[in-house]
Amino acid sequence: MFENFEVNHLFEDSVRKHPHFSLSIEGQEYKGMVKDDKIHWYQPHPKQKIEEEHLSAVESQVYGMMQEHLE
């Protein structure tokens with residue numbers, strides 16, 4: 001589904017602390033963050049390249065992995 005999942009902690013000791021992530025889908029790198037229990041993608045947004053159904057599955061898996069990482 002995707003490769004090279006990585007979590008980055010920016011602003012770790014800040015009020016604006018949100019976990020950021022990066023991953024690759026079909027060779028294209030995407031980045032985003034989780035805020036208010038929702039995934040916010042940076043540009044380019046993966047919906048420009050992959051089908052909505054596949055994107056929903058990716059987002060579900062990313063959200064689960066982020067929750068595991070934050071525990």
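I took buried to mean under 20% relative accessible area, and partly exposed to mean the range between that and 50%. The model is predicted.

Phe21 comes out at 1% relative accessibility, so I recorded Phe21 as buried. Phe5, at 23%, I recorded as partly exposed.

Entry on aromatic pairs. I found four aromatic pairs in the structure. Phe5 and Phe21 form a stacked one, with 6.2 Å centre to centre and 25 degrees between the planes. This pair links distant parts of the chain, since Phe5 sits in strand β1 (residues 3-10) and Phe21 in strand β2, 16 residues apart. For Phe21 and Trp41, I noted ring centres 5.3 Å apart and planes at 85 degrees, so this pair is edge-to-face. Phe21 belongs to strand β2 and Trp41 to strand β4, so the pair ties together parts 20 residues apart in sequence. I also noted one aromatic cluster, formed by Phe2, Phe5, Phe21, Tyr30 and Trp41.

Entry on the core. The largest nonpolar core has 14 residues, and Phe21, Leu23, Ile25, Trp41 and Val62 have the most contacts inside it. At least two of its residues come from each of β2 (18-25), β3 (28-35), β4 (38-41) and α1 (52-70). The largest share, four residues, is from α1. Beyond its neighbours within four places in sequence, Val62 contacts Phe2, Phe5, Phe21, Leu23 and Ile39.

Entry on Ser24. Is Ser24 buried or exposed? Its relative accessible area is 12%, so I recorded Ser24 as buried. Ser24 lies in strand β2. With neighbours within four places in sequence set aside, Ser24 contacts Phe2, Glu3, Asn4 and Glu29.

Technical notes
Residues numbered from 1 in each chain as written. Predicted model: local features only at pLDDT ≥ 70, side-chain atom pairs only at ≥ 80, totals over all residues. Heavy atoms only, no water. Core = buried A, V, L, I, M, F, W, Y, C linked by side-chain atoms within 4.5 Å. Buried < 20%, exposed > 50% of the residue type's maximum accessible area, 1.4 Å probe, protein only. Contact = heavy atoms within 4.5 Å. Phe/Tyr/Trp six-rings, centres within 6.5 Å; stacked < 30°, edge-to-face > 60°.
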